[in-house]
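Open the model in your viewer and keep the selection tool at hand. The stops below follow one after another.

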Amino acid sequence: MKIKQFIAAFLVISSMNSVIAQDKKFIMHTVAFYNLENLFDIKDDENVNDEEYTPAKGWTSEKYQQKLKNLEKVISEIGTSEQQNNSPVVLGVCEIENRGVLEDLIKQPKLAAKDYGIVHYDSPDGRGIDTGFLYQKKHFTPTSSANIPLIIENIDGSGKRVYTRDQLLVTGFLDGEEMHFIVNHWPSRSGGEKRSSPYREAAGALNKKIIDSLQKINPDAKVITMGDLNDGPYNKSVKKFLGAKAKKEEVQPGGTYNPMEEMSNKGIGSLAYRDAWDLFDQMIFTEPFIRKDYSSFRFWKAGVFNKPYLVQTTGQYKGYPLRNSPAEPGYSDHFAVYAYLIKEVK
């Protein structure tokens, strides 16, 4: 065949493939995670260390209501685009004081219209901050949930337990397809990254244990683990103890894929500290999510929700996420992260 004929034939075939691709229809859902940064009510709970967020410290009812409105705007827009006009069908959250603040949040008009449900347990954290799970009842039906404690000893040798956030496991059906979600808020870097690293490594190991237990029941279990891990995708807690891989081709059956590692390598972050960005907020997927066919829900792509209105424009922290404080209700010191799940409609 002559070169010109070959090129012409190639263009015809390419055009046909393009038409076929365009003819395919997909269902697309957004799943997301957001650290809500100190979403406290104004009541002083004597059982936890919440005094900073009380009227005595300047945290008033008006400021609390403004914080809720700010979060409503963000959550209603996470992952929306020309291709997706719905807010997340599933949203993991952390740094919430109790179930009541989530109930107040989902009553905000833009979220009330989506009819979100709540899964929440109180955690033993000293400040009383918990993880939580929101879901659109139209699309997700929870069938079970569990609050799995992270039991670790203080590294000072005292033998005392460090009371930190539990890992929240929610199982249910997304448009009829069973999925499992683990919502995390791993131990902080208080005392320094290196010194506190064993705590987060223990959290990674617990996460892996939960995933392994689900895969023992069903080797094809679809599990999404999400949260503020207080470590980057490159840290041992994620790479070694959880075992997440950066490239799809490296993921074996039973393994996990972390799309956030490539994003981190490109300098994309969800929070800033000392003028350096990091990606502590992550979403990690078990192998069935990255299989090549789209007969059921598969991972498509992930992102960081970092719209300009979420960025500090003045002062010492110019360019950072527009954080919240008792003096000024902002958004959060973290950006939300999200991923699209897609399934072909036959």
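Select strand 2 (residues 90-96) and strand 4 (residues 130-136). They run antiparallel and are joined by six bridges. Strands and helices here are DSSP runs (E, at least two residues, for strands; H or I, at least four, for helices), numbered from the N terminus. Two strands pair if DSSP finds at least two bridges between them. Now pick cysteine 94: its bridge partner in strand 4 is threonine 131.

This is a predicted model, so local features need pLDDT of at least 70 and side-chain atom pairs count only at pLDDT 80 or more, while totals for chains, interfaces and linings use all residues. Residues are numbered from 1 along each chain as its sequence is written, and side-chain values use heavy atoms, with hydrogens and water left out.

Contact means heavy atoms within 4.5 Å. Angles run from 0 to 180 degrees between N-to-C directions; axes are lines fitted to C-alpha atoms, for helices over the stretch in contact.

How do the two helices meet? Helix 2 (residues 61-77) and helix 3 (residues 99-106) pack at about 65 degrees, with axes 9 Å apart. Show side chains for Tyr64, Leu68, Leu71, Glu72 and Ile75 in helix 2; they meet Gly100, Val101, Asp104 and Leu105 in helix 3. These contact residues divide into six nonpolar, one polar and two charged. For the classes, Ala, Val, Leu, Ile, Met, Phe, Trp, Tyr, Cys and Pro count as nonpolar, Asp, Glu, Lys and Arg as charged, and the others, Gly among them, as polar.

The order is 5-8-9-10-15-12-11, with mixed pairing. Its edge strands are strand 5 (140-148) and strand 11 (244-245). Zoom in on strand 8 (residues 167-174) and strand 9 (residues 177-185): seven bridges join this antiparallel pair. Valine 170 stands opposite phenylalanine 181 in strand 9. Next, select helix 5 (residues 193-217), which packs on this sheet and makes about 30 degrees with the direction of strand 8. Among the strands it touches are strand 10 (223-228) and strand 15 (281-286).

Last, the pockets. On a 1 Å grid over the protein atoms alone, a pocket is an open set of points where a 1.4 Å probe fits, with protein on both sides within 12 Å along at least five of seven lines; lining residues have an atom within 4 Å of a point. A volume is the space filled by probe spheres set on the points, which are joined across faces, edges and corners.

The largest pocket holds about 1,000 Å³. Of its 36 lining residues, Leu271, Ala272, Tyr273, Arg323 and Asp333 lie nearest the centre. The lining has 13 nonpolar, 12 polar and 11 charged residues.

The second largest pocket holds about 230 Å³. Select Val162, Pro187, Ser188, Ser190 and Tyr199, which lie nearest its centre. Helix 5 gives the most to this lining, with three residues.
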